[in-house]
Structures are given as structure tokens and as C-alpha cells.
There are 4 protein chains.
Amino acid sequence: MIIMRAEATDKEIADVVKETGKYGLKAEVSRGERRTVIELVGDQSKIPFSRLAVLPGVKEAAMVETPYRLISREYSRRLDEAGESRIVQVGNIRIGGDEPVFIAGPCAVENKRQLFKIAEGVKKAGAHILRGGIFKPRNSVHSFQGLGAIGREEAEEALSWLREAGDRYEMPVITEVRGEAQIDMVATYADILQIGTRNMYDQDLITGVARKKKPILYKRHFGAGIEEFLSFAEYIAAEGNKDIVLCERGILPLGKGRNYTRYTLDLAAIPAIQKETFLPVIADPSHATGRRDLIFNMSCAAIAAGASGLIIETHYNPAQSPVDSQQMVTPDELKEVIDACYKIRHLIAYNHK
Amino acid sequence: MIIMRAEATDKEIADVVKETGKYGLKAEVSRGERRTVIELVGDQSKIPFSRLAVLPGVKEAAMVETPYRLISREYSRRLDEAGESRIVQVGNIRIGGDEPVFIAGPCAVENKRQLFKIAEGVKKAGAHILRGGIFKPRNSVHSFQGLGAIGREEAEEALSWLREAGDRYEMPVITEVRGEAQIDMVATYADILQIGTRNMYDQDLITGVARKKKPILYKRHFGAGIEEFLSFAEYIAAEGNKDIVLCERGILPLGKGRNYTRYTLDLAAIPAIQKETFLPVIADPSHATGRRDLIFNMSCAAIAAGASGLIIETHYNPAQSPVDSQQMVTPDELKEVIDACYKIRHLIAYNHK
Amino acid sequence: MIIMRAEATDKEIADVVKETGKYGLKAEVSRGERRTVIELVGDQSKIPFSRLAVLPGVKEAAMVETPYRLISREYSRRLDEAGESRIVQVGNIRIGGDEPVFIAGPCAVENKRQLFKIAEGVKKAGAHILRGGIFKPRNSVHSFQGLGAIGREEAEEALSWLREAGDRYEMPVITEVRGEAQIDMVATYADILQIGTRNMYDQDLITGVARKKKPILYKRHFGAGIEEFLSFAEYIAAEGNKDIVLCERGILPLGKGRNYTRYTLDLAAIPAIQKETFLPVIADPSHATGRRDLIFNMSCAAIAAGASGLIIETHYNPAQSPVDSQQMVTPDELKEVIDACYKIRHLIAYNHK
Amino acid sequence: MIIMRAEATDKEIADVVKETGKYGLKAEVSRGERRTVIELVGDQSKIPFSRLAVLPGVKEAAMVETPYRLISREYSRRLDEAGESRIVQVGNIRIGGDEPVFIAGPCAVENKRQLFKIAEGVKKAGAHILRGGIFKPRNSVHSFQGLGAIGREEAEEALSWLREAGDRYEMPVITEVRGEAQIDMVATYADILQIGTRNMYDQDLITGVARKKKPILYKRHFGAGIEEFLSFAEYIAAEGNKDIVLCERGILPLGKGRNYTRYTLDLAAIPAIQKETFLPVIADPSHATGRRDLIFNMSCAAIAAGASGLIIETHYNPAQSPVDSQQMVTPDELKEVIDACYKIRHLIAYNHK
């Protein structure tokens, strides 16, 4: 990170960028009111910061130790950006503002009729964004893999239904990108791209998705510490894309015997992350608990903990879903959740700064 | 478990109890309105239930597979007890009812003046029960171990301060029993006995404490699954003491790198446990997060998840505390927490049945 | 899984395959001496096995419940393949046979001179396969990402050095494929393709790599249970590629405080996996321990536990390595490890059947 | 820690001890050849080391930061004790020397005949110390709790059988102390006292057992990091008892799905601990794997990793054991294990210094 003096000229700035280029690093120039900052992306261990510090126009040049400085609230503060929480805009929906945002829809898109029926239901229940899985990550190659697995044509058709359902019911749409070959196709149809828990560490996929310059819903891996999670989110920011919504979806359960939930929803991670980064954080109570009968309580708890929103799997007939049937709620149950969450959020007007 | 017919005579019941005694099991007789149940405590694997089933007056005799049938909501339902949530009465405070209960006070009792000053503060803030550690479990023999470690006399003096502070400020008092030799002494002074996270698996200690027939605050071990936690709580119930308040206080964090919280507060465990057992469950956000700046959010989240109360470490001058200074709140901060929690609880009137 | 009678005709077999195709499943026909088996890949939940069972020539038709039947030792036994351990042939090296196999080389290829010097060293020490990382998965976008990150040309040049070093010192070569875009390029140069721990769950990458029909070194994710690991290895087998070498490389450490090793090397997983599947399993003591001073002990332990080989990071000057310098051994130390491992292996002539 | 000058007089030493007593710490004086060291046990945070440093005869006075300095190899080196590995003598058996030590016997003592028959078998197989559980820690109050649970008389009788069997077959005997009330009784009969995994954190029990001044087998808790394990072992040393044998018995498994072993045997912990402390470390492959068919492999692996011995559950008829029947080996299988372990140990003559 190099901070230039207020009076630094364009040529001085360009010279510094040129100099850093000799060491194989990418430089991003942010011009603030009082000073200009040159952020370096890449391995800084061999950069002679002491040499850069004496170049004309340079006020300060130093290595930043944190692995996630581009999304760091503290670093943002140092840049005169005041560490403001970032609002991620998805269509006309603002994630990270005063009001909570609700993403809902089926785990997997089964057919057009099912999708439209659910879309109508979740819209009425108060959801803002429509979800629907087409490329499903599954633990067994012998399980249903989503319509995306049948063929390219079927995948594109399912994506077009999602687009159409979103347009019809006036909700931006989200779906998961599981592999690099799907990036272009999914980005054509979806308003916000999801990177799932199993792909959190997949830096090539992350980088490829980031380059589409669309908002990204980025889920924590179930075995990842928070520092790791943010360090990998930095791969997105390193592509110049800071429209990142982080999602806590549960970590591996611990201990012998039954735990009664599929994963452990780490709600304290939400305010902890909000203090570390300016990005909005939402929670996924469906995958975390794996239990329809715990969705209400854990949704309320997530909002009370400070979450900027929720993503909840919804189906008019949960038992019929080919995937995750035990954790689906109905649109009516979704409405109850949304109503309670608004009340809690209004009760506790968090300010994450 | 043996269910007797409504018309079973006292002699028939006594004969069945006698018969089970031959196999080395303890039998507890519960007389309900419509039927009498004989609960067996101990290894049932060699009991010939088919033989017991044909004794006069017996309606049903079968092994119950769950390791925690004495505290099981489902089993309670089968006994015509309707699976009602249990209210644990501590002095005039009811834990497990409609209103949340707040336990507060210093991590460690340092001296009389400190304790009384904090007691006054937490009472004003709205706390119901006063906590104060005298026998402190510590990871290092070279750390401060509480006043209880100095000597028997000092321990007793500190316990008497706690008693006096509770009486003065009209709050029942709680403190931890860490070893068997402390049971009698602590039970003389405290209204509710705490078994700490490190001792959850210590069945001899648990059994000894249970026998005092006082209410017990029983904390989940940081490496224990829920089934294990309830199985060990059953050791308390097996002594005929069901005045158990369970406490979720965080489990081991997971993943590489920093996690930004000391433990992972497993809030979904709260409603999950409430469905399994009729016992009240509270949360300890202080030890779980280890961070003063997360206490407010996580307290609200715990109540929203359905917790029957909270235990929060409080000190008028957190920096001065010899133990856990980073996670203490002041009485003023405690008041904010309590006020917000009441509002959330009233908003969501949970019924755990 | 459908088992045909010994006397089933080709037409009968073809008819069954055709019938299964109607349900969208891929069928692989294995002709054994005594019977022919038709393996189905995909979601079998909607297949009417009772209908298939009565088709001409069919002896048995039933769903196999395990998520990894294609690599299952037990299933292989049922197919009259006797559950024999599979030998994975990489060039002239046999992995999974009576002798242990040693893979060694630098964590990251730095330049041609470094690579050749290390290749010479590990060959002399007795290594069989040369490793060298070109596309490095890293936790921070700001760390050195391997020569592959500089550009396509640099990546290809580094790969050609690896190929050349392997040819010069007569060792097959292995390197990691981190993203789908690298598959073709890496497969052109390497004899065996590595899928790293962070990509274990990345089913699109796995499938793409499997299709190159080259041997694969497949590492367990540090948060994965064994059943999960094998279920994802099944994605490779589902592409008709069973030349899979599994690798135990350590799982997440547990508990508070320091653990003194980077990960927990789960050596019991090795014989446990060998009983479940016929695939060879090797160990990676370098990444598991992160400590040069533990490599000798843990290499011996891994071979004693039954590992078919080891992959060990080696550098003539560990301190100079840009990555993982603390866990590198020198070629001299490697020789000591290899010598001791041979002795242990010859002492305990395991037969994994 | 205070280091006295070589020429310090007895009075000077006594004065320093007296001075430290003012701060409530226990002082242990170790006289070496070249200097005398005063070790302090307890909370040193308030000790004015700078004041102690200028007392007559004092060479150096400083706080030692590690929570386990009394058992630390490095600290021992600093005391001119050369960091030598400690041999723990149990009867005529030396644990921690050049030869591995094998502890074997039934999980639970069932009756005298069973115990003697097994004792004879394990002696013939080459075992050195006889184990037999009388106070069994169990996850369910409804499971068999060992003969110790029946009553005090039955416990004492079972202990006397163990003593008698040890004398008859010339093996020292070991059994577990699960609660404080059992300490005196068990110490009367056993040569080495076991503290089980569930009691690792139970500092009152540990301290009480340590005071018997008998050797202790101290097992790591299944959720404990190594630093924690050693920090709690320090509670034993703080009582002046350094005859501690540490035992790695497996930590909690991780990940979704089946793991195929009960716990994860952390073999790298063995050499890691041997570098941190001078105490001997053994492994328990029985509880770690929970599988009879993995005992041979994991025993060999543990010895190859550097373990000073093994504790293995043995029964002439594993299926008949009321506890842990799936992980028992027969005396014949035990002999195979012991023979292979000797060969491996002789092959690799470790020197843990």
C-alpha cells in the first residue's frame, strides 16, 4: 500500500505505478479527497518499500500484513473512506442497508411450473430475491445433480425460467456457479452469482466469477475459520469487484453422538466479520440446521445477531423436493419468519461501523 | 421402563420393584393419574423385560433406548406428564417460564468490596441471580485460581460474602463447584450450584452435586455433542434431581487462522435441546465470544433463538478483573442488554412444547 | 447395479443397457468370467429395479446404497473381481504394489536450475516420481502463487522444465491442477495429475481432470470425513477412470492453544480406507505436520500404518524456498527417510485384501 | 523461576524462599551441580521479579511464560539437567527407556476368573503391565459402570483381584481413578494410577491423584490441544510428582458422514510432545480406532512414530466383553502386535533428546 501526498501529480502517481509493475504486482489507484492511494495486489514480500517511500509524491509506503486488506474496515478507514458499510446493490434491492433482505426459493429448480408457483409464493411472503439451484453440488455422483447436469441446453432452459420468473414477480434472481465452464452462461441470466460452501477455496472459480463484475453471494466453507474466509473473499476484491455479500451457512458439528443439527450455525461470526470488513453478511438457516422446525428461531437469532439478510429454502410442498426436503419451509412459514425478522431488526437498529 | 395398569395394587407395584432389584437396578416409582410408571436407572441390557411384562399389574415393560430418558420431553409425554417445560425455581426466581432470567456478577470474587459493588450494579441493571467465582478452573496451574485456592478458610469467607451480597441485594446466588471436596461447603452457601464446562464429563462430581437436591446450572463441555451433553445431564436426573438448568457456552472453534471469537456459540443447540428435553436452557455469551463488544448482539441472538436466560460476566471496571477482563461488561452495558432482551422475548412469545 | 446371467447374450445385455438409458443413467458394462455386470452411474432413486430384474438374461438388479460403489472393495468382490488391490501404473512405477513409492521434489518450481538440482538430489535419494508445484493454491491473494500465475507462457515453460527434468532423471512427473482452465495444459506435460486438498469438493474440476484418462493423485480435504472423501473420489471413477491414488495429508487440528503441528495426520484413515476401497493410499507428512523435524517419524509411522507411498517436499536449501520452507527436507534427509521406510515395509508385508 | 549463584549459601536460599512465600507461591528448591534453582508454582503475575533479582545470592529471577515449565524439556535444559528424557519406573518396569512397554488387559474387570485368565494370556503374549477397569467412565448412566459402581465392598474386592493377578503373573497393575472419593482406595492396590480422557481437565482430581506420589498414566482429552494437555499435566508436576506417563488416545473425528474410526489417533502428537517435554508418551490404539482389525497397523505406526509403549485392551473372548467388545484383541493377536513393535523399535533407535 502506497499513500501519495495530496499535491502529488498525475505523473508522479504514474511513475510509482510503473515502478511497482517491475516487481510483477498489479496496482489499483484510488483517488480520495485528501490523498490518493495505490493498492498493490500480489506477493509484496520482495517489494523494496523503503525505496518506493522516497519516490517523488509518495507520503507513505508500507506492506499491509492482513491477508484481506482490500475488504478491511480498518484499512478502509485509513484511506479516508471512513470504513462505511458497503451497500451491495442487486437490481433495485440494497443489501447491507437499514432493512434486512430476504432471498428465498427452491433448493433445486425442478420444472417451470414448480419454479413459478414458488416464486409467486415467496414474493407474496415478502421475499426480495429469488433463488433456484440449477447446478447442484452433491456429495454423491449417484444423487440428483440439478437440471444443469442433464446437458447444456437443459441448463440454459432452466436458467431462462429463473430469469423469467424473476421478471414476472419482480425479483432479482440468484443461482450457483459450481464450475468455471458455467460462469458465462449463468452470468447471462442471473443478477447475483452464488459461490457455494464447497467452492469457497476454489480460487480459480472465484477469480473467474469476480471478473463478471456482478454482485456475488460468497458462502463460508463449513471447515473454514473466519480469517480464511475473508482471505479468500479478498480474491474477489483483487479483481476490482467489491460487490460481495458474505454468507454464514454453518460449520462442521463437533463431538460424539448426535448433534440434532446438520451444521453449527456460527452466528457470532456475523458481528465479528462486520467489525473486520465493510461487506454485508447474511445467514442461511436452512443448510445450517437442516431442520424446518428450527428455521423460525434461527432466522430471528441471525437478525438479532446483526445479519443483513437471510437466504431460506422454500417450497410449497417440502416433502416433494428432490433435494433438502427436510429443511424447506412453505411460503406461509416464510412470511411468519420475515414478519418477525422485521420487528426484531426495527427493535435493534444496528450500526455496524 | 415399566408401565403399570391403572388398577395395579400397591403390592403389585412393590413386587415389580423387588423383581427389578434382583438385576441390580434402582427403580423410581412415579404415580400418575392414569397409570404408575417404574423408571429403571442403570444397565438394562440384561433385564428380561419379557418376563417382567407378564407380572401381575404390568401393562408394558420395555427398554428405552435413549440415553437420556429421565429428562426426555418425548418420554415425559408418554408418561402423561404432557411433556411440559420444567420451571426450575431458585429462591423466588423461576427459570424456564415466560420471562427471561439474567444471572450476572464478576468472573472471580476478588474481595468483599468488589463483590458488593458489582452486586449492587447488576441488581440495578435488572439481574435476577448473582454469580461470583470462588473455585476457578484454570488452564494453567500458574494462573490465579480464585480465592478458593488459598485455603479452606479463605474459601468459606468468600462464600459467606457471596451469601451476604445475595441477601443484601435480594438475589439468589450461584457459584461453581469444581471438585468433590467442595460440594458440601458450596451447597451450604449457594442457592444454585454450577458445574463448569471442563467438568461436564466428570460423573462422580455430577452425581455428588446432584445429591444435594439443589438446583444445578450444568454447562455443556466445549467438545461435547448435544446427545452427550444430555446423556451426562441424565446422571443428575438419575439421582432424583431434575432441577437442572442447561447452559450453552460455546464449543471449540474450527478452521485454520484466527476465528475472532474464543468459542463458537452454538445457538441452534438451544431450540434443538428444548425439543429433546423439558429442561430450561440458557446461554453464556461471555465465555462463548470472549469479547465485550459482541455481548449485546449475541445476548439478543440467544434470546431470539429461545434461550430462557443468560449468564453474563459483569464488572464495574472490566480492565481490573484478574480473570476474563476482555469479556466483562459494565453494569450499564448489562442494563442495555437486559432491556433489549425483554423486548425481543415479548415480541416472540415462544412456547417450547 | 445389474448382474447378468453367465449365459446372457450380447443382445440381452444391450437391451438392458438401452432400458436403463431411458432413465437418464450412464451404464458401464464389465464382462467377468462368470458373469457380466452393468454398473449404473447417476441418480438411481427412480429406477424401477423390480422391472429390470425380470428382463431376459438378468440375474439380479438392485440399488447399491453406498455412495462409492465403483471404487468399493466389497462391491468389487461381489463382481468376482476378488476385491484385489489396484495397482496404479505411472510410467514404469507401480503404486499400490509390494514396494512403497516415494514422490519428492520442491513445493514450488522456482526456476529451471533449482528444479534440476532438486530432481537430481531426490533421484539419488531413491525417489520414484518428481513433484513440482506450478499452480499453487494459496490462502492469500497477496502471497506467491507459483510461476503458473504469471502468465500462460510462463506456466507452459515451467511445465516443460518439469517434463524435461523428469525425462533427464528418469522419473514420471506430477503437478497440481488447480482450475479447469489448466487441465489440458497440465495433462500435456504431467504423467499423473494432482488434485489438491482445497479442491477435493470441486466436482467440476474433478470430473474434467478424470476425463484426461491419466492417473490422478487425489488429496483428502482437511475438513472431510472418510466417507465424503471416497464419495467424491467416486466422481473420478464415474468417468471410467479408476487410476486413482488417494492421499491423506492431515485434517484440521482441534482444541484450544497450540497444537505444534499444522494439521492432524489421520494415519488410521489409511488402513480404514484400504478396507473400504481397492485404491492405493499414500501419505503427505510434509503438509500434515508442517515441520521438517517430524518428517522422519511420521514417514515411518505412515508406512507402518500401511501406506503405499509418501509424497515429501524436498529442497537442497529449505530456508530458500518461497513456500513451505519450514517443512522441507534436504535430499540427504529424504534418503534417510526412504531407507527406513523400506526396512519397515519389508518387516511388515501387508496384504490389504 | 529464580536461579541462585553457585556460591549461594543455604541462608541466602532460605531467605529467597521466604520472600516468595509473601506472595502466596509455593517454592520448590532443586540443587544442581553448578547452581540451585527455585521453581515457583502459582500465579506469578504479581511477583516483583526485579526486586527478587537483587537479593543476595540470586543470579537470575524471571517469569517463565510457558504454562508447563515444570515438565518442559527446554526449561530442564536451562537448569543444567540436560533435558534428559525421564524414565518412569513402575515396579521393575521402566517406561521411557530404550525398550517399548506394553500394558494390556480387559477393558472392565468382570470377575476373578476372567481377570486371571486374561492376565495369564497377556503375560504370555509379552505384556509388562496389567490393566483392568473397575471404575468405568461411561456416556450413559444406564450402561454398565464397572464393578466399582456396585458398592464400596465390591470395588475393593475387584481391586484385590487385580493386585493378586498382578502378583501371580508378575506384572505391576494399573486401573483408573474416576472420582476423588476413589483415590485412596485405588492407590492402595495399584502400582500406577490412570486418569482417563474425560477427566483430563478435572484439576481437583488430578491434584489429588498426584499427591499419592505414585506414577500416573495421564490421558489426553479427546477435545484438547497439545498445549492444553501439557498445561494440565503441569498440575501433577506442581505437586512435586513428575512420574507422569502421557497417553495419546485419539481426538474427536471431523467431517460429515462416517469416519470408520471412533476417534482420530493423533500420532504426530507423540514426537511433538516428546520435543516439548521430557515425559514418556504412549498410545492407546484400542480406544482411538475402536476397531480390532486396525490395532495391528496402528500399534506399529505408533511405535514407528516414537511412542514409548502401548496400552491395548485384550480379552480371550472379545465378543463376551460387556464394554468395548469391538476393539478388543485376543492374547494371540496381542503377541503378534508386540513382536512386530519390538522389531520396528529396534530398527529405529529413537533418541528423543
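**View 1. Chain C superposed on chain D in the predicted model.** Residues are numbered from 1 along each chain as its sequence is written, chains are lettered from A in the order in which they are written, and side-chain values use heavy atoms, without hydrogens and water.

**View 2. The contact between chain C and chain D.** Each side is listed by contact (heavy atoms within 4.5 Å). Chain C brings 45 residues and chain D brings 45 residues. The copies meet through the same surface, because 100% of the interface residues of chain C are also interface residues in chain D.

**View 3. Area buried between chain C and chain D.** The buried area (accessible area, 1.4 Å probe, lost by two parts on being put together, summed over both) is about 3,500 Å². Carbon and sulfur atoms give 67% of it. C:Leu254, C:Tyr260 and C:Leu347 supply 17% of the area that chain C buries against chain D, more than any other three residues.

**View 4. Salt bridges and helices on the chain C side.** Two salt bridges (side-chain nitrogen of Lys or Arg within 4 Å of a carboxyl oxygen of Asp or Glu) link chain C and chain D. One of them pairs C:Asp293 with D:Lys275, with the closest N and O atoms 3.9 Å apart. In chain C, helices H8 (226–237), H9 (269–276), H11 (295–305) and H12 (331–347) each supply at least two residues of the side that touches chain D (helices are DSSP runs of H or I, at least four residues, numbered from the N terminus). H11(C) gives the largest share, seven residues.

**View 5. The contact between chain B and chain A.** Here 45 residues of chain B meet 45 residues of chain A. About 3,500 Å² is buried between chain B and chain A, 67% of it on carbon and sulfur atoms. The count of salt bridges is two. B:Asp293 and A:Lys275 form a salt bridge at 3.9 Å, N to O.

Note on methods: Predicted model: local features only at pLDDT ≥ 70, side-chain atom pairs only at ≥ 80, totals over all residues. Least-squares fit on C-alpha atoms with pLDDT ≥ 70 in both.
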